[in-house]
Amino acid sequence: SPNIVKAIIYLIKNIFVHWPLKKVSKVEWFEKKKSVFFFSYMFHLDPVKFNEGKYKTGQWGPITELLPNLSIKTNWMHHFIPNSLIPNAKTGSNFVKKLNSNSEINGVHQFILSHLNMVIFFKVVLNYFKMLLKFPLILKFKNSFKPDESKICFWHLLKNDFVNSIIGPKCIENLLWIELFDHAFSIMPRQEKGIYLQENQGWEKAFITSWKKHKHGNLIGLNNGFVRFWDTRFFEDKRNFENTSDFMFPTPDQIILTDKISWKSYLDSGYPENKLIKAETIRYFDSCLNKSDNKQTTSYEKKSKLKALILGDIIYETTNNMIKLLEKIVNKEDFIWTIKSHPACLININDHKNIKLENSCENLQDIVSKFDVVVAPAATLSVLEAYLKNINIIIFLDKDEINLSPLRGVPEVKLAYDLDTMNKAFSIQEIKNPLNKEQNLFWFDKNLTLWKKILN
């Protein structure tokens with residue numbers, strides 16, 4: 001089966017590429033009560049702080065600078081994601097060593113993939129072959145894809161994803177997460193409090209299960225962005241909150257929300273209010289802090305060309321389709337085009353010969369005010385940065401795609417799904433009318449009063 005071949009290649013490649021991360025497999029974790037454990041991604045790093053050997057990232061905003069002020073010791077574990085500052089595992093391990101040389105200020109850092117070893121490798125292989133042996137039995141669950149009292153069957157729509165999860169590369173990835181987290185939390189001293197970036201990805205279930213299995217303390221998920229319409233990842237069946245068995249669906253003890261719409265969405269879905277915590281936005285902290293910096297109504301007539309920013313999504317095909325459409329618009333020469341790729345899905349500008357693109361690796365919040373218009377795929381949350389700055393926004397909706405945009409239904413935001421609508425959205429007259437809205441989506445307090453309460 002091609003899935004089996006892909007799975008074996010995925011495992012070997014993963015081990016080979018990430019083996020250098022083992023250089024930081026042994027660290028001295030903080031054990032005191034006044035310490036907090038964080039799980040994060042090692043990207044969106046501040047280039048200036050990176051060169052100084054300090055950890056600052058757009059994901060955690062002001063929190064990394066707040067923690068030493070509160071005299072809180074921190075233990076950080078990260079996913080390794082190649083990016084412009086840390087392109088490979090060797091650079092990643094060197095940076096983490098530099099951070100750990102001043103752990104009193106930076107905290108202790110480690111990659112989850114630093115726990116790779118041959119024992120884990122063989123456990124994954126053994127469990128994978130057990131899955132292969134059970135695969136014929138699992139296929140009998142096809143009827144589970146047919147709702148009760150319905151003639152609809154979703155098997156043909158979901159078959160490829162299902163098989164990938166059971167015997168393909170996704171299966172290997174999940175088996176790796178199970179063993180890595182189990183090993184990491186079994187040897188780590190007890191952590192009283194843990195906070196992680198919650199997106200309800202597959203790895204999070206292994207993370208939560210291992211955390212609780214090894215009797216660590218209160219675990220809090222941080223929903224750092226915005227719960228979008230249709231995004232079922234963030235909602236649970238109400239029965240999960242009543243289930244206290246060992247087989248309950250893995251969920252954190254509490255969830256931090258930073259905006260009013262997400263709070264209402266969670267409550268409307270039946271999420272218990274006692275499991276939710278309000279906190280100030282940290283992802284959009286600087287944008288809320290510098291509201292006076294917001295886009296002003298400038299005289300566009302004086303400009304020879306307008307500036308357009310393309311934001312990439314994590315799905316390559318969607319971003320690629322959007323750029324191919326932009327290559328065909330009638331007045332593309334009226335714009336200076338810049339692209340900011342998703343950190344986990346870099347776009348090669350040389351693949352697009354019909355539009356003159358410039359790459360940007362700078363933090364979005366630092367550059368977004370320089371642009372007259374932002375165009376982005378529907379699923380990306382990055383557009384909120386532009387919305388908070390009152391920049392014109394065009395949302396690209398790919399064929400057969402559900403509109404997952406956080407700005408779905410906002411009247412000032414334009415939607416483009418074909419050449420005709422993209423041409424209309426990019427008409428100069430449309431873009432010469434900047435947004436001028438008061439934004440109150442997020443909770444905000446520059447003193448981070450709510451965060452101080454959570455951390456202490």
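We're working with a predicted model, where local features need pLDDT of at least 70, side-chain atom pairs count only at pLDDT 80 or more, and totals for chains, interfaces and linings use all residues. Residues are numbered from 1 along each chain as its sequence is written, and side-chain values use heavy atoms, with hydrogens and water left out.

**Exercise 1.** Work out how helix α1 packs on helix α8.

*Solution.* 
- Start with the elements: α1 covers residues 2-18 and α8 covers residues 169-187; helices are DSSP runs of H or I, at least four residues, and strands are runs of E, at least two, numbered from the N terminus.
- Next, the geometry: the axes sit 7 Å apart at an angle of about 40°. (Axes are lines fitted to C-alpha atoms, for helices over the stretch in contact, and angles run from 0 to 180 degrees between N-to-C directions.)
- That angle makes α1 oblique to α8, since under 35 degrees counts as roughly parallel, over 145 as roughly antiparallel, 65 to 115 as roughly perpendicular and the rest as oblique.
- Finally, who touches whom (heavy atoms within 4.5 Å)? On the α1 side we find N3, K6, A7, Y10, L11 and N14, and on the α8 side P169, I172, E173 and L176.

**Exercise 2.** Which parts does the pair of F39 and W203 tie together?

*Solution.* 
- The structure has 35 aromatic pairs. (Rings of Phe, Tyr and Trp, the last by its six-membered ring, pair if their centres lie within 6.5 Å; planes under 30 degrees apart count as stacked, over 60 as edge-to-face and the rest as tilted.)
- F39 and W203 make a tilted pair, 5.0 Å centre to centre with 35° between the planes.
- F39 is in strand β1 (residues 35-41) and W203 in helix α9, so the pair joins parts 164 residues apart in sequence.
- F39 is buried at 0% relative accessible area, and W203 is buried at 6%. (Buried means under 20%, exposed over 50%, partly exposed in between, with a 1.4 Å probe and protein chains only.)
- To finish, ring pairs link a cluster that includes F39, F181, F185 and W203.

Definitions and conventions:
Contact means heavy atoms within 4.5 Å.
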